[in-house]
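Please keep the sequence and the structure in view while reading.

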Amino acid sequence: MFRGKKLGKRKCKLLFISIFPLVASGKGLDGVIVNQSNYQALRAFKNELIDIRGVLSSWNESESGVCSGAWVGIKCVQGQVFAIQLPWKGLGGHISSKIGQLHDLRKLNLHNNFISGPIPSSIGSLPNLRGLYLFNNRLSGSIPPSIGHCFSLRSLDLSNNLLNGIIPPSLANLTKLYRLNLSFNSLSGSIPVRITQSPSLTFLSLQNNNLSSAVSNLWGGSANYSYQLHLSSLFSLNLENNQLVNQIPEALSGINNLSVLNLKKNNFTGHIPVNIGNISTITQIDLSENKLTGKIPMSLSNLRNLSSFNVSYNNLSGSIPAVLLHKFNSSSFMGNVQLCGYNKPKKLSTKDILLIAAGILLGGLLILFCFLLCFLIGKRANLRAKNRKSAIHSQKATPAMGTEVESGGGRLVHYDGPFVFTADELLCATAEIMGKSTFGTAYKATLEDGNEVAVKRLREKITKGQREFENEGSLASFLHARGPETTIDWRTRMKIAMGITYDYGLSKLMTASMNAVATGGAPGYRAPELTSVKDVTMKADVYSLGVIILELLTGKSPSEAMNGVDLPEWVASIVKEEWTNEVFDLELLKEDEFILGDEFLNTLKLALHCVDPSPAARPETQQVLKQLEEIKPELASTSGLFESACSCIKNLS
């Protein structure tokens with residue numbers, strides 16, 4: 001006997017808690033092993049599937065593991081499989097017809113996989129099946145009529161597959177069915193009337209199929225209300241994007257719990273039923289893209305719960321009820337030419353059309369003009385390129401670089417430039433002095449045709465070899481024969497040093513050939529160990545490189561003796577006496593010495609290292625370049641450094 005009513009309730013509650021985990025976990029206290037028929041059915045089920053992820057690897061040969069929780073997705077009660085749940089597992093293949101052997105199966109959930117093939121008709125042999133979820137797969141074929149024999153079925157979702165054929169009328173036998181979703185397939189034919197009269201149905205979704213029958217009598221017609229009570233549970237009706245025709249049934253007003261009504265994209269005609277305004281529970285109405293006529297019923301203004309309304313793209317006329325016009329924007333009513341009261345898209349006048357056409361024409365002309373302009377610019381660039389090639393070809397046909405041309409009282413020697421001029425043309429040119437050196441005076445001459453050339457006039461009784469003159473006429477002229485208004489900052493000098501070092505043999509700035517500078521025997525640049533042209537080594541080149549760096553640092557020409565010594569010896573003597581600042585060009589000292597001081601000194605040390613009297617003590621060219629880059633990292637060497645150095649010399653000369 002229980003001690004009162006409350007104690008009895010407590011014991012009942014405890015009893016429920018103690019039993020529920022046994023059912024939920026699928027484990028019996030007596031260690032029940034799965035039914036042999038169920039085991040064979042599961043093995044066949046697995047064999048028909050493609051399991052690329054290995055999800056079913058736990059489905060092994062052991063029968064004892066089926067109902068112990070070891071088999072993924074399987075739940076049992078007393079040795080009988082009552083649920084298969086394998087959604088989102090990446091499974092392919094087919095559903096085995098052996099599924100019909102699982103007579104106690106209540107739930108089959110395989111949604112969101114890649115399963116193909118037909119739905120086996122043996123599913124109709126599952127009298128206890130309550131939920132069938134096969135949506136978002138690749139199932140094909142027709143819906144088996146045998147599913148109508150699953151009398152316990154409550155939820156059927158076959159949406160988003162490749163199913164075709166008709167909706168089996170036998171589905172009307174599922175008197176306990178409350179959710180039916182066959183949307184996004186290719187089903188055709190009519191909607192079985194008895195299905196729409198199911199007393200338990202709350203969710204009916206058939207959108208995006210090819211259903212094409214009239215639906216006027218689906219709910220018994222406007223005068224027959226015998227079915228209305230049966231549909232009292234329907235909450236959502238979605239028939240969007242089919243080919244349904246005729247009028248919208250008046251009997252819809254009898255569906256008292258309806259919340260969502262979507263009949264979009266069909267071929268419905270006639271008026272909007274006035275009594276839809278009596279469905280007080282409705283929240284969404286979409287009747288757009290049909291062929292409805294007449295006015296929007298004033299009764300729809302009474303739907304206080306209405307949050308979404310769309311009747312666009314029909315043939316409606318008259319005025320829009322004020323409540324609806326205030327509550328919803330123009331997109332809910334557009335596409336109804338004779339409908340009044342909302343902001344319609346402005347119809348373009350003839351003037352507007354002409355203005356648009358004129359704008360398009362002007363735009364086209366502008367594009368054409370831009371195209372022609374680009375074409376002419378390109379053509380002009382090509383013409384310039386051809387002229388440049390012709391000039392180069394002409395240069396090759398004229399006396400070569402360094403060729404001496406006899407002229408009157410002296411010799412005119414051409415070293416650089418795309419054209420050759422005569423001494424008479426030079427005498428007629430205007431000239432200004434650029435600078436002087438011990439070997440002569442440098443002029444900037446403007447010929448009668450407008451071309452500007454640099455001319456070096458040598459002093460009398462001074463003879464120089466071709467290489468010495470080239471040296472004097474390029475880097476030497478750049479550093480020592482420039483006007484006082486032309487300055488060379490530290491950054492530019494470092495660019496030159498790096499560019500020359502990068503070019504290895506220094507030949508492109510110092511000589512016309514690709515031989516080492518030391519080979520030319522230019523005064524002041526020759527390494528002390530050289531006694532003959534045949535003795536040239538890379539270490540001799542490094543010595544010449546060091547002299548050039550000193551030349552850049554001091555601003556002094558290595559061809560001019562200083563107190564009877566050459567440039568490297570003079571710099572070494574100044575440094576030895578610790579008068580280091582005395583060696584630097586005054587132009588450099590005008591820059592921020594506090595910031596650049598270390599760069600000056602480190603470059604000076606490197607140059608002295610390069611001009612070491614002992615060839616073995618001098619660094620390699622690559623080491624010189626690396627140290628220059630470390631001193632001025634923002635000018636780190638690239639393939640264009642040498643070209644940058646040449647550009648600097650030409651711009652400042």
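## Basis of the report

The structure is a predicted model.

## The sheet from β6 to β14

Strands of a sheet pair through backbone hydrogen bonds, either parallel or antiparallel. In the open sheet considered here, 5 strands follow the order β6-β8-β10-β12-β14, and their pairing is parallel. At the edges stand β6 (116-117) and β14 (210-211), each of which pairs on one side only.

Strand β8 (residues 138-141) runs parallel to strand β10 (residues 162-165), and 2 bridges join them. Within this region, Gly141 lies opposite Leu163 of β10. On the next step, β10 pairs in the parallel sense with strand β12 (residues 186-189), again through 2 bridges. Here Gly165 is placed opposite Leu187 in β12. Strand β12 is in turn paired with β14 in the parallel sense over 2 bridges. Ser188 has Asn210 of β14 as its bridge partner.

## The sheet from β16 to β23

A further open sheet consists of 5 strands arranged as β16-β18-β20-β22-β23, with parallel pairing. Each of the edge strands, β16 (245-247) and β23 (338-340), has a single partner strand, so one side of each is left without a neighbour in the sheet. From one strand to the next, the twist averages 25°.

At one end of the order, strand β22 (residues 315-319) and β23 run parallel and are joined by 3 bridges. Ser317 stands opposite Gln338, a residue of β23.

## The helix pair α7 and α10

How do the axes of helix α7 (residues 490-502) and helix α10 (residues 538-554) cross? They come within 10 Å of each other and cross at roughly 170°. Because angles over 145 degrees count as roughly antiparallel, α7 is roughly antiparallel to α10.

Which residues make the contact between α7 and α10? Helix α7 contributes Trp490, Arg493, Ile496, Ala497, Ile500 and Thr501. From α10 come Leu545, Ile548, Ile549, Leu552 and Leu553. Sorted by class, the residues in this contact comprise 9 nonpolar, 1 polar and 1 charged.

Technical notes: Residues are numbered from 1 along each chain as its sequence is written. This is a predicted model: local features need pLDDT of at least 70, side-chain atom pairs count only at pLDDT 80 or more; totals for chains, interfaces and linings use all residues. Side-chain values use heavy atoms; hydrogens and water are left out. Axes are lines fitted to C-alpha atoms, for helices over the stretch in contact, and angles run from 0 to 180 degrees between N-to-C directions. Helices (H or I, at least four residues) and strands (E, at least two) are DSSP runs, numbered from the N terminus. Angles under 35 degrees count as roughly parallel, over 145 as roughly antiparallel, 65 to 115 as roughly perpendicular and the rest as oblique. Contact means heavy atoms within 4.5 Å. Ala, Val, Leu, Ile, Met, Phe, Trp, Tyr, Cys and Pro count as nonpolar, Asp, Glu, Lys and Arg as charged, and the others, Gly among them, as polar. Two strands pair if DSSP finds at least two bridges between them.
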